[in-house]
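Colleague: I'd like to learn how to read a model like this one. Could you walk me through it?

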Amino acid sequence: MPRPLPLPRGEDPDEPAALFDRRNAVMIEPARASPRWPAFTALAIVIAAMIGGLIVGREQVVRALPFTSGAYAMLGLGVGGEVLGLEIRNLTARGEVVDGRPVLVVDGEIYNLSDGVRAVPPVEVLFIGNDRQQLGRSVIDVSSNRMLPGEVLRFSERLENPPRAATRFDVSFAQTP
């Protein structure tokens with residue numbers, strides 16, 4: 001049978017020695033939780049960069065995912081011609097009376113400023129009153145499915161019975177569903 005080992009003794013022979021020397025012991029403090037604000041700040045910066053990229057690069061987003069154009073329009077981020085690569089220019093309007101009824105004749109040109117073929121959406125005319133309230137709306141079908149890069153499409157439309165209280169009108173591309 002093995003013999004039992006004697007317990008280590010300290011300087012005092014009647015007192016057993018500690019299992020470790022207290023003079024050389026290193027106290028290990030529990031790790032403190034690091035502050036979380038740097039992680040949240042980094043996350044906020046990443047999210048802000050993503051949102052900024054979606055705003056600045058919205059033309060590429062709409063080209064890749066056309067259904068996103070409605071979301072950009074709701075946010076007021078110019079989902080009109082510049083996103084589509086199309087622009088409406090040289091607008092003119094004149095009032096006429098035909099058979100005793102008022103007629104507004106709207107003429108304009110659509111330019112394809114992009115470097116690719118673009119589908120042409122309908123053109124929308126909004127009639128606006130003094131209080132900036134929309135009084136009416138007309139949609140013009142420009143009768144062209146596609147425009148080549150650099151192409152110019154002229155349109156002219158006779159809009160019968162525009163609202164009499166309208167003081168101005170806005171012309172833009174109609175939002176596609």
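**Reading the model**

Modeller: Let's start with a side-chain pair: Glu 109 and Arg 154 are joined by a polar contact of 3.2 Å. A polar contact is a pair of N or O atoms within 3.5 Å; within protein, one must be able to donate a hydrogen and the other to accept it, and residues adjacent in sequence count only if both atoms are side-chain atoms. Keep in mind that this is a predicted model, where local features need pLDDT of at least 70 and side-chain atom pairs count only at pLDDT 80 or more, while totals for chains, interfaces and linings use all residues. Residues are numbered from 1 along each chain as its sequence is written, and side-chain values use heavy atoms, with hydrogens and water left out.

Colleague: Is Glu 109 buried or exposed?

Modeller: Buried means under 20% relative accessible area, exposed over 50%, and partly exposed in between (1.4 Å probe, protein chains only). Glu 109 comes out at 12%, so it counts as buried.

Colleague: Which residues does Glu 109 touch?

Modeller: Contact means heavy atoms within 4.5 Å. Not counting residues up to four places away in sequence, Glu 109 touches Glu 87, Ile 88, Arg 89, Asn 90, Val 152, Leu 153, Arg 154 and Phe 155. Glu 109 itself lies in strand β2. Strands (E, at least two residues) and helices (H or I, at least four) are DSSP runs, numbered from the N terminus.

Colleague: What is the strand order in the open sheet with β2?

Modeller: Strands of a sheet pair through backbone hydrogen bonds, either parallel or antiparallel. Two strands count as paired if DSSP finds at least two bridges between them. Here the order is β1-β2-β7, with antiparallel pairing. β1 (86–98) and β7 (152–160) are the edge strands, each pairing on one side only. Eleven bridges join β1 to β2 (residues 101–112), and Val 106 in β2 is the bridge partner of Ala 93.

Colleague: Which residues does the "transmembrane region" annotation cover?

Modeller: UniProt positions are given in the numbering used here, feature names are shortened, and annotations may be inferred rather than shown by experiment. The unreviewed UniProt entry puts the "transmembrane region" at residues 37–57. In the model, that stretch is 95% helix and 0% strand, with its end C-alpha atoms 30 Å apart.
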